Structures are given as structure tokens and as C-alpha cells.
Amino acid sequence: MNGTELDVHLQELRRGTIVLASLQLLRTPGYGYGLLEQLASAGFPTDANTLYPLLRRLEKQGFLDSEWNTEEARPRKFYRTSEAGIRLAATLTQEVAAIAAATAALPTGD
């Protein structure tokens, strides 16, 4: 498998984990660019063109709350995980653990 093929599969694998990571990190309010940095430092490198539509979708679905901070020179939209988002994150965390356990139990062919 070449690097490009691997990158495609890794992107597919990581796509869903970005939702969970964002919900967990935004339990402490943050804005998009800061979240990009947090995700990258936590091992979830994400493109802005992926993150911002995700944040809008999660907000529309009720999993994130937001408010504008206009006290700084440049207004920023701050996001926070809602109660529904906290419940979703807990469920997703359980599912990720179940998937990891099921994957670990698969035969490796050795």
C-alpha cells in the first residue's frame, strides 16, 4: 500500500473521531481556530475546511451551543458542548471502546 492509499484510509478512520474529540474538548468553551490547535496537539490533525462545517452541523443538531464574543478587536464565535452533546460524547466514547475491543479480538493472521 502506498502512502496516498494509506492517507485515504486514515482520513476515513479519523473522520468520525473528530466529532467525539471536538465534543470532549469543547466542554471548555473555545473557538474554531483554538480547537484546530487543540485537536492537532491531541493527535487529531484536522483541516479548517473540515472543522468549521462540522461545528455548524453540530450546533444545528443541538450538540453545541455558541455565542459571539465581541469584546475583543475581532469578534469570535465561541462554542460549548451542550447537555445533548455531553450525552452524545458519552455514547460515542462507549462505542469507540467497543470497536477497539472488537478490533483487538480479531485474528491477526500470524
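**A tour of the salt bridges and Thr81**

Select Lys77 and Glu59 to begin: these two residues form a salt bridge, with the closest N and O atoms 3.1 Å apart. This pair links distant parts of the chain, for Lys77 lies in strand β3 (residues 76-81) and Glu59 in helix α3 (residues 48-60), 18 residues apart. The model is a predicted one, in which local features need pLDDT of at least 70 and side-chain atom pairs count only at pLDDT 80 or more, whereas totals for chains, interfaces and linings use all residues. Residues are numbered from 1 along each chain as its sequence is written, and side-chain values use heavy atoms, with hydrogens and water left out.

A salt bridge here is a side-chain nitrogen of Lys or Arg within 4 Å of a carboxyl oxygen of Asp or Glu. Helices (H or I, at least four residues) and strands (E, at least two) are DSSP runs, numbered from the N terminus. Side chains of opposite charge can pair when their charged atoms come close.

Colour the pair by accessibility next, taking buried as under 20% relative accessible area, exposed as over 50% and partly exposed as in between (1.4 Å probe, protein chains only). Lys77 is partly exposed at 23% relative accessibility, and Glu59 is partly exposed at 24%.

How many salt bridges does this rule give? The count is three.

For another of them, select Glu72 and Arg76, whose side chains meet in a salt bridge at 3.7 Å, N to O. Glu72 is partly exposed, with a relative accessible area of 38%; Arg76 is also partly exposed, at 28%.

Arg15 has a relative accessible area of 46% and is partly exposed.

Finally, select Thr81 in strand β3. Is Thr81 buried or exposed? At 6% relative accessibility, Thr81 counts as buried.

Display the polar atoms around this side chain. A polar atom of the Thr81 side chain lies 2.6 Å from the backbone oxygen of Leu23, and the side chain of Thr81 reaches the backbone nitrogen of Arg27 at 3.4 Å.

Now show the surroundings of Thr81, with contact meaning heavy atoms within 4.5 Å. Apart from neighbours within four places in sequence, Thr81 is in contact with Ser22, Leu23, Leu26, Arg27, Phe63, Leu64 and Ile86.

Methods: A polar contact is a pair of N or O atoms within 3.5 Å; within protein, one must be able to donate a hydrogen and the other to accept it, and residues adjacent in sequence count only if both atoms are side-chain atoms.
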